[in-house]
Amino acid sequence: MIKARVTVTLKNGVLDPQGKAIEGALGALDFSGVASVRQGKVFDLELEGSDRSKAEADLKAMCEKLLANTVIENYQVELA
């Protein structure tokens with residue numbers, strides 16, 4: 001079994017209204033010094049098998065086809 005984490009974030013220059021809302025809420029809660037907030041998604045997956053190269057290729061294909069909108073999002077794959 002291979003464990004993996006995929007982190008998906010918005011590309012630089014893409015507006016992030018949820019991040020802005022979080023930033024405003026942190027200020028309202030008296031957390032000063034927060035200059036910027038960008039939000040993203042994290043997927044934890046467990047893949048059958050032990051071939052790490054195949055797992056990484058499969059995960060990248062999953063991101064390209066479903067997990068990330070590659071027009072506006074970047075993704076990072078980490079194998080545990």
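**Notebook: a surface patch and some salt bridges**

I started with the surface. Leu29, Phe31 and Val34 form a nonpolar patch there, and together they have about 300 Å² of accessible area. I note here that the model is predicted.

Where does Val34 sit? I found Val34 in the loop between helix H1 (17-28) and S2. Val34 has a relative accessible area of 35%, so I logged Val34 as partly exposed.

**Salt bridges**

Next I turned to charged pairs. How many salt bridges does the structure hold? It holds six. I followed up some of them below.

**Lys3 and Glu46**

I checked the contact between these side chains. Lys3 and Glu46 meet in a salt bridge, at 4.0 Å from N to O. Lys3 belongs to strand S1 (residues 2-10) and Glu46 to strand S2 (residues 40-47), so this pair ties together parts that lie 43 residues apart in sequence.

Lys3 has 48% relative accessibility and counts as partly exposed. Glu46 stands at 52%. Why does Glu46 count as exposed? The cut-off for exposed is over 50%, and Glu46 passes it because its relative accessibility is 52%.

**Lys54 and Asp58**

I moved on to helix H2 (residues 52-67), where both Asp58 and Lys54 lie. Asp58 forms a salt bridge with Lys54. Their closest N and O atoms are 2.7 Å apart.

I recorded both accessibilities. Asp58 is partly exposed, with a relative accessible area of 30%. Lys54 is also partly exposed, at 48%.

**Glu56 and Lys60**

I stayed in helix H2 for another pair. What do the side chains of Lys60 and Glu56 form? They meet in a salt bridge, with N to O at 3.7 Å. Lys60 and Glu56 are four residues apart in helix H2, so about one helical turn separates them.

Lys60 shows 38% relative accessibility and counts as partly exposed. Glu56 shows 32% and counts as partly exposed.

**Recap**

On the surface I have the nonpolar patch of Leu29, Phe31 and Val34.

Note on methods: Residues are numbered from 1 along each chain as its sequence is written. This is a predicted model: local features need pLDDT of at least 70, side-chain atom pairs count only at pLDDT 80 or more; totals for chains, interfaces and linings use all residues. Side-chain values use heavy atoms; hydrogens and water are left out. Helices (H or I, at least four residues) and strands (E, at least two) are DSSP runs, numbered from the N terminus. Buried means under 20% relative accessible area, exposed over 50%, partly exposed in between (1.4 Å probe, protein chains only). Patches are made of residues with over 30% relative accessible area and no salt bridge: like charges are joined within 9 Å, nonpolar side chains (Val, Leu, Ile, Met, Phe, Trp, Tyr) within 5 Å. Accessible areas come from the Shrake-Rupley method with a 1.4 Å probe; for residues, only the protein chains shown count as cover.
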